[in-house]
Amino acid sequence: MAESRVINFGAGPSALPEPVLQEAAKGLLNFDNSGIGIAEISHRSKEFSAYIAGVEQQIREQLSVPPTHSILFLQGGGTGQFSAVVLNMLARHRLLHPNLPDEERVLDYVLTGSWSKAAAQEAARLANGAKVNIAADARTLSDDGKSFDRIPPHDAYKFSKDPVLIYYCENETVSGTEFSHDEKAPESFPFELLPQGTLLPLVADYSSSFMSRPIPRLADHAIIYAGAQKNLGPAGLTIVIVRQDCIVDVDAAAKLGAVPVPTGLAYKTYAEKANMPNTPPTFAVYVTGLVLKRNAELGGLAYYEAANRRKQQKVYDVLREGEKKGVLKGHVKPGSGSWMNIVFNVLGDGAEARFLAGAEANGMKGLKGHRSVGGIRVSLYNAVTEEQVDKLVSYIRDFIAEAQP
Ligand code: PLP
């Protein structure tokens, strides 16, 4: 490891595997023996065209994406998708129900943190007469009525009949709440409450948990999207897995009265041109491909699911120890805690600053909580190794011992 590198527990953009970075450095000078670096080569070159098709194939294989779904590469991040999902799904609904009055079109949002809240706000901006229905709001269940500190139990959801879309964020990066993948857990997503036997308009933001473990009921989703910058690569690439019935003719929908969809946000634009209607973020695609190749060598999602399970368990265990001793306090109710982002407070005056300074002195950075929640946030994306987690856990354990009242 280069001497100056530290352990990066940051929430994103976040750590990338060291061997991938070394390989990427070579590609910057000479991509695929073309004699041209990856940041310089034409995206229309035969080398890059073959490469981007291979990246798509790797995602399909590693996540078991069925042939009913296309994999699109866009830009604009999660924020771009807050808008794109609304516009594309409103167009789809218009084509399915051309004569329905706008006020009878409903978009269902499940709020479990600030990212799903931001997505719902964008939907309200773009709805153009359609209604945004909050199908569940985790804040109403919290002790103070305003914290996102849990995943709602199944009886807290009220979904609409035939909505334009049903939206949730699988992992809330800021509050550290994540849906359980154990179907029997009360904190799982309530798939059984959704209309059965139809093509579900289910949309999921997987920005901060994509590729960390398999996606439950992937085939039942209309759209799953994620920015690459947490588990896969550098910022700039946005991956959208979209069921083909949601890749609609947005211009035909506009003629029927739907909101016109900008060309760069219409899924059709990318699906029709093999993901290259314009210049893709070539370097981000390149590094993502290197990460996926490495993932496959290590054992794919099964490998990461097992490693990530162990990593989060170690951190939650030490957090529970710290809670018992009155030194730490978790932000999230047990059962709703994220595998990727673990948020807690260090109790006592100036204790958090001491915790962060001590961590930094030990070569660990990126632990400061998001400004809206405060405290500490440990992000455990795929590139964070178990040895690095052990080092953090041992630091926290020592901190608890010293701080214990
Ligand atoms: N959704 C989630 C869960 C996120 O964590 C983020 C950013 O961190 C976003 C959406 C916004 O993504 P972007 O910064 O790519 O627009």
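## Terms and model

Two strands pair if DSSP finds at least two bridges between them. Helices (H or I, at least four residues) and strands (E, at least two) are DSSP runs, numbered from the N terminus.

The model is predicted: local features need pLDDT of at least 70, side-chain atom pairs count only at pLDDT 80 or more, and totals for chains, interfaces and linings use all residues. Residue numbers start from 1 along each chain as its sequence is written.

## The sheet

Seen by strand order, the open sheet reads E2-E10-E9-E8-E5-E3-E4. It has 7 strands and mixed pairing. E2 and strand E4 (131–137) stand at the edges. Each has a single partner strand, so one side of each lacks a neighbour in the sheet. From one strand to the next, the twist averages 20°. Axes here are lines fitted to C-alpha atoms, for helices over the stretch in contact, and angles run from 0 to 180 degrees between N-to-C directions.

E2 and E10 run antiparallel, joined by 6 bridges. Phe-73 stands opposite Ile-239 in E10. His-69 has Arg-243 of E10 as its bridge partner. How much of E2 is buried? The count is 5 of its 6 residues, so E2 is largely enclosed by the rest of the structure. A residue is buried if 20 or more other C-beta atoms lie within 10 Å of its own, exposed if 12 or fewer, and partly exposed in between; C-beta atoms are placed from the backbone.

## Across the sheet and into the core

Helix H4 (residues 114–126) lies across strand E3 (106–111), E4, strand E5 (165–169) and strand E8 (202–205). H4 runs at about 160° to E3.

The largest nonpolar core has 115 residues. A nonpolar core is a set of buried Ala, Val, Leu, Ile, Met, Phe, Trp, Tyr and Cys residues joined through C-beta atoms within 7 Å. Within this largest core, Tyr-109 and Ile-239 touch the most other members. Leaving aside neighbours within four places in sequence, Tyr-109 is in contact with Ser-116, Ala-119, Ala-120, Ala-123, Val-132, Ile-134, Ala-135 and Tyr-167. Contact requires C-beta atoms, placed from the backbone, to lie within 7 Å. In soluble globular proteins, nonpolar side chains tend to be buried together.

## Helix H2

H2 covers residues 46–63. At 1.5 Å a residue, its 18 residues should span 26 Å, and its end C-alpha atoms are 26 Å apart, which agrees. The expected span of a helix is 1.5 Å times one less than its number of residues.

Which residues of H2 are buried? They are Phe-48, Tyr-51, Ile-52, Val-55, Glu-56, Ile-59 and Leu-63. The arc is that of the directions from the helix axis to the C-beta atoms. Their cover includes strand E2 (69–74), strand E10 (238–243), helix H7 (282–298) and helix H8 (300–324). The face turned away carries the exposed residues Lys-46, Ala-50 and Glu-61. Just after H2, Ser-64 takes a positive phi of about 50°.

## Helix H10

H10 (residues 386–403) also has its span on record: 18 residues reach 25 Å from first C-alpha to last, close to the 26 Å expected at 1.5 Å a residue. Val-389, Leu-392, Ile-396, Phe-399 and Ile-400 are buried in H10. Seen down the axis, they fall within an arc of 100°, so they line one face of the helix.

On the other side of H10, Glu-387, Asp-390, Asp-398, Ala-401 and Glu-402 are exposed. Cover for the buried residues includes H8, strand E11 (328–330), helix H9 (351–361), strand E13 (364–365) and strand E14 (376–379).

## Loops

Glu-103 sits in the loop between helix H3 (77–96) and E3. With 10 C-beta neighbours inside 10 Å, Glu-103 counts as exposed. Glu-103 and Ala-130 are 27 residues apart in sequence, yet 4.8 Å apart in space, C-alpha to C-alpha.

Pro-13 is in the loop between strand E1 (7–8) and helix H1 (18–29). The peptide bond from Gly-12 to Pro-13 is cis, with omega near -5°. Asp-32, in the loop between H1 and H2, has a positive phi of about 50° although it is not a glycine. Asp-32 counts as partly exposed, with 16 C-beta neighbours inside 10 Å. Asn-275 lies in the loop between helix H6 (267–272) and H7, with a positive phi of about 70°. Asn-275 counts as buried, with 21 C-beta neighbours inside 10 Å.

Definitions and conventions:
Contact = placed C-beta atoms within 7 Å.
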